[in-house]
Amino acid sequence: MTIRSINFISEATAIGLKPLPATAIISITNPGEVAPLREGWEHVLRVGVADASYDEKTIESYGRMWRLSSRGFPTQDHAVAIRAFLDDLPADIETLIIHCGAGVSRSGAVAKYASRRFGLPFPADYNRHNEALYRLLEDPNIFDAVLARY
């Protein structure tokens, strides 16, 4: 694979893009929504995940109510789907575009992970990414131990 550039952008910007050669796109929307991307993208992953972050303490504070209260939050399944999409990209893909609503948090988390995975630079001081989604991408099992208690 020859990913040379990773860009994270807003949904409004993504909707306006014409499909580009040698480019894959990850479209992140709120659960149940679909961004009206232009037809013709060859490699698209659509993920419905809320822009909500959490950590082990948050899960513990909700206890048995976590699963009900966290519907739509980033999960292991989201991370596994994103990782599989990245793993399965054809060798001719050079650019990865990731969008979410504002192009800041969820897309920033995926861009940070993908940059590390493909050995590309990512701004060291960028801290507006969705931390729960990023942690799940790094290790999809990160919350298993605390979730097992509930």
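How many bridges pair strand β2 with β3, and in which sense do the two strands run? In this predicted model, β2, which spans residues 23-29, pairs with β3 in the parallel sense over 6 bridges.

Step back, and the whole sheet comes into view. It is an open sheet of 4 strands in the order β1-β4-β2-β3, with parallel pairing. The edge strands are β1 (5-10) and β3 (43-48), each of which pairs on one side only. On average, neighbouring strands are turned by 15° against each other, direction ignored.

Helix α4, residues 76-87, lies across β2, β3 and β4 (95-100), and runs at about 175° to β3. Helix α5, residues 106-118, also packs on the sheet, where it touches β1, β2 and β4. The direction of α5 makes about 180° with that of β1.

Aromatic rings give us another way to explore. A search of the whole structure finds 8 aromatic pairs. One of them joins F8 and Y126: their ring centres are 5.3 Å apart and their planes stand at 80°, so the pair is edge-to-face. Because F8 lies in strand β1 and Y126 in the loop between α5 and α6 (131-138), the pair ties together parts that are 118 residues apart in sequence. F8 is partly exposed, with a relative accessible area of 24%, whereas Y126 counts as buried at 18%.

Another pair is formed by Y62 and W66, with ring centres 5.7 Å apart and planes at 70°, so it too is edge-to-face. W66 is buried, at a relative accessible area of 5%, while Y62 is partly exposed at 41%. Both residues belong to one aromatic cluster, made up of Y54, Y62, W66, F73 and F143.

Finally, find K112: its charged end sits over the ring of Y134, 4.6 Å from the ring centre.

Conventions
Residues numbered from 1 in each chain as written. Predicted model: local features only at pLDDT ≥ 70, side-chain atom pairs only at ≥ 80, totals over all residues. Heavy atoms only, no water. Pairing = 2+ DSSP bridges. Axes fitted to C-alpha atoms, helices over the stretch in contact; angles between N-to-C directions. Contact = heavy atoms within 4.5 Å. Phe/Tyr/Trp six-rings, centres within 6.5 Å; stacked < 30°, edge-to-face > 60°. Buried < 20%, exposed > 50% of the residue type's maximum accessible area, 1.4 Å probe, protein only. Lys NZ or Arg CZ within 6 Å of the ring centre and 35° of its normal.
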